[in-house]
Amino acid sequence: MSENRSVLSFLNQSGQGLYIPLYQREYSWDSDNIEQMLEDLARGIQRIAFKEIPDDSKEIRFLGTIITVVESNRNNIYPVDPQAVPSRIEKLIDGQQRVSTIALMATLLTKRLTEISNKVKQANPIFNEVKEICDLWIDQRLAPIFSFDLGRGKPRLKPKIARGAKDYWTREDAVDEAYKSELSNYLGHFIQAYVDRATFPCLSKDKYGATLLYKNGRRIESWLKKEVATAHEEKDDSFAPAIDIIENFNQEAIWDYERDNLVQIIKTKDFSNNKTDAYILSELVQTLAVCHYLLDRCCFTIIQPTDDNWAFDMFQSLNATGTPLTAIETFKPTIVNTMDTASGYQFKDSDSDKYFKKVEDFLAEANNAQQKNKRTNDYLTSFFVAFDGQTISTHFSSQRQVLDKVYSDMATIDDKQQFVKRMGNYADFYKMWLNYTGKDNSCFPAIDGVSESDLASMLILFLKSSNHKMAITILGSSYSNIAYNVDDAKSDFVKTVKAVAAFYFLWRSSYSNSGLDTTYRDFFKHHKSHDGRCSLSDVKEHIKSVLATREIDTFDKWKERAKSRLKYDETGNEIIRLALLICAHDTIPDEAQLGLMKPGRVGSSKYLSLENWISPSLKTIEHIAPQNNKGNLWSADLYDNQTKPYNQLGNLTLLPQDLNSSAGNKSWKEKLLYYQCVAEKDQTKLDNIQAVAVASGITLNESTIKLLQDSQYNEHLSPIASLSESNSWNLSLVEARTERMLTVVWNIVSSWIS
């Protein structure tokens, strides 16, 4: 018998216990497996939330085949407590790694929903609704994934999974006595806490620290707390925010029926702190999207042979090839057959052979099957956006169908060869993109030695560290001009990098990620190229059009948005770092307005460089007035809890990590001394730091003095260092700095497009 069933449908069977036979290997999923699973979940949710598919029900994530055999003879279970045998025992022949991980994840989702529910106080009008939603998900949907109800014993709920020779389902024995395997032991303790409504056990490092269970559980928990729970803050595009989820998911799938009152609270976007109703509900919706996608949209093909022999034959048959093939690998025979059967052509040594090898070389860099599968998914997803703007699934069968259809629709053999050539060039660029680190201040390989290649290389690292993968589509297409030896191709590529970086910077300093990817798809939907190339003028024209549509195409319009968006904790740190480097580039202290910078001579202070981007001296964002006004050492007007002026661009600078840590929550007088030291050129004055500090009533320890004396000279601190301790660092100065810095930023960034 074979059938497709959702995760919930398969695992939410009354009295179902899953028995892992003794001969099965231990739990062995590694970090690559976990990262692939988390990325699949996040990407699937984004496809629905960002309307890349018509509706929620059209998104299905296939998790592979599960082979089980129903065990009717309890004597085949060892060890066994006759009073605690599940009413339905299924031996897991294939699929234990996936099922074990899903059971683990269900416990961590249960824990997260409980934590979120507990944030809402009983007096809060939304208390009953939030509790109802969380209780329903936990009791009826998540608990059956990691447990089954025996109907007797203490507790009645038992771990869903038991491993032969190590675990036995027990009526009343202690957890540590009955469950010796890491997973079942953890499930047993978790269930006990769940039933007792006690604090959930953490994955104790003392108890499970050397195991993959511990490492995987901590990674999943970190993902749920740091990426899923905070997605509405829109710091990056790794997970869909609640506002997009609630607008494009069926609300019944999230919380059983439409709850307009809760939706309206989310739409207020009151995220001033993590205790507001809007913040908590957004966190809830994002977590529930994971629950729904994992349980309802992910599915298995369930095969249940009637006996073990048949099961093992099936298992061997499905796994005969060892490492699963990717859609690209199964596409190659189509190309070979097409070329070899066409009159006057053959595959060997043809352009198709040469350029398909580039794709194979790109995939060959993966260390294992999971990494190869991820590379394939990322490459094909990006390639087909650049091909015609389409969004393709990460499912093997769907990818294979798209490749076959596009290739077969090519009118001539030469067109088909051109398509493979395009794939090869794109793979070449993608490999360069992934491998490029700027190590030893080396420029991006495709443009080494070209004018402004250093700046372009820095901006490529900026786009990479911002995780802006969609940039690959335009840059990969621009690289095709280099591959085709088009005149001025390298120079145009540099200008394209600058334009794309400027576009991303202006968008993210004004808006969240929502809708950004669509602008790239729209470009390629209307700009279809036979050979994959795109012109610099077409790219710039599209960027200018989008900026105009979003009303950020002029300084005044952009500035109004950037004032509230280009702030620490409002947008990604890489955006802030780039802004601060721009503000330091060829600027000098403004003597007429102390504390501010103004344009200096060209070449006077080159901060926009590859060397500075990767320099540890400019790696850390420093709050001048610290985020916490401990001891009330700083001007109170910087600490409004709603607007958080201390996060404004004007209150930020760059420092080495060690100096940043040392400066900490010091007073203005002491911090000013730090900045003056780092901005000091005269080594003699630096050697007298101790005397200067004593004269100012400041006590510095020897390690701090050494740190400052050895620090690299950083002239970007000169505008701040021009101040004296009699100057107040307050809201007025921070706002004036912000205004000036936005002007400097706009003048440079907008020039990269115009």
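Residues are numbered from 1 along each chain as its sequence is written. In this predicted model, local features need pLDDT of at least 70 and side-chain atom pairs count only at pLDDT 80 or more, while totals for chains, interfaces and linings use all residues, and side-chain values use heavy atoms, with hydrogens and water left out.

Cysteines come up first. A disulfide is a covalent bond between the sulfur atoms of two cysteines. Here it is called when a pair of cysteine sulfur atoms lies within 2.5 Å, and a search of the whole structure turns up 0 of them. For Cys291, the closest cysteine sulfur belongs to Cys134 and sits 8.9 Å away, so the two are too far apart for a bond. Cys298 has its closest cysteine sulfur in Cys299, at 7.7 Å, and that is again too far for a bond. Cys291 is buried, with 0% relative accessibility, where buried means under 20% relative accessible area, exposed over 50%, and partly exposed in between (1.4 Å probe, protein chains only). Cys298, at 2%, counts as buried too.

Next comes helix 20, residues 471-483. Helices are DSSP runs (H or I, at least four residues), numbered from the N terminus. The expected span of a helix is 1.5 Å times one less than its number of residues. For the 13 residues of helix 20 that gives 18 Å, in agreement with the 18 Å between its end C-alpha atoms. Helix 20 is mostly covered, with 12 of its 13 residues buried; among them are Ala471, Leu475, Tyr479 and Ile482. What does the covering? Contact means heavy atoms within 4.5 Å, and the cover over the buried residues of helix 20 includes helix 16 (369-388), helix 18 (413-435), helix 19 (453-465), helix 21 (489-508), helix 22 (516-526) and helix 23 (536-549). After helix 20 comes Asn485, which has a positive phi, near 55°.

That leaves Thr738, which is found in helix 33 (residues 731-751). Thr738 is buried, at 6% relative accessibility. Leaving aside residues up to four places away in sequence, Thr738 touches Gln648, Leu649 and Gly650. Pro201 lies 537 residues from Thr738 along the chain, and their C-alpha atoms are 46 Å apart.

Definitions and conventions. Helices (H or I, at least four residues) and strands (E, at least two) are DSSP runs, numbered from the N terminus.
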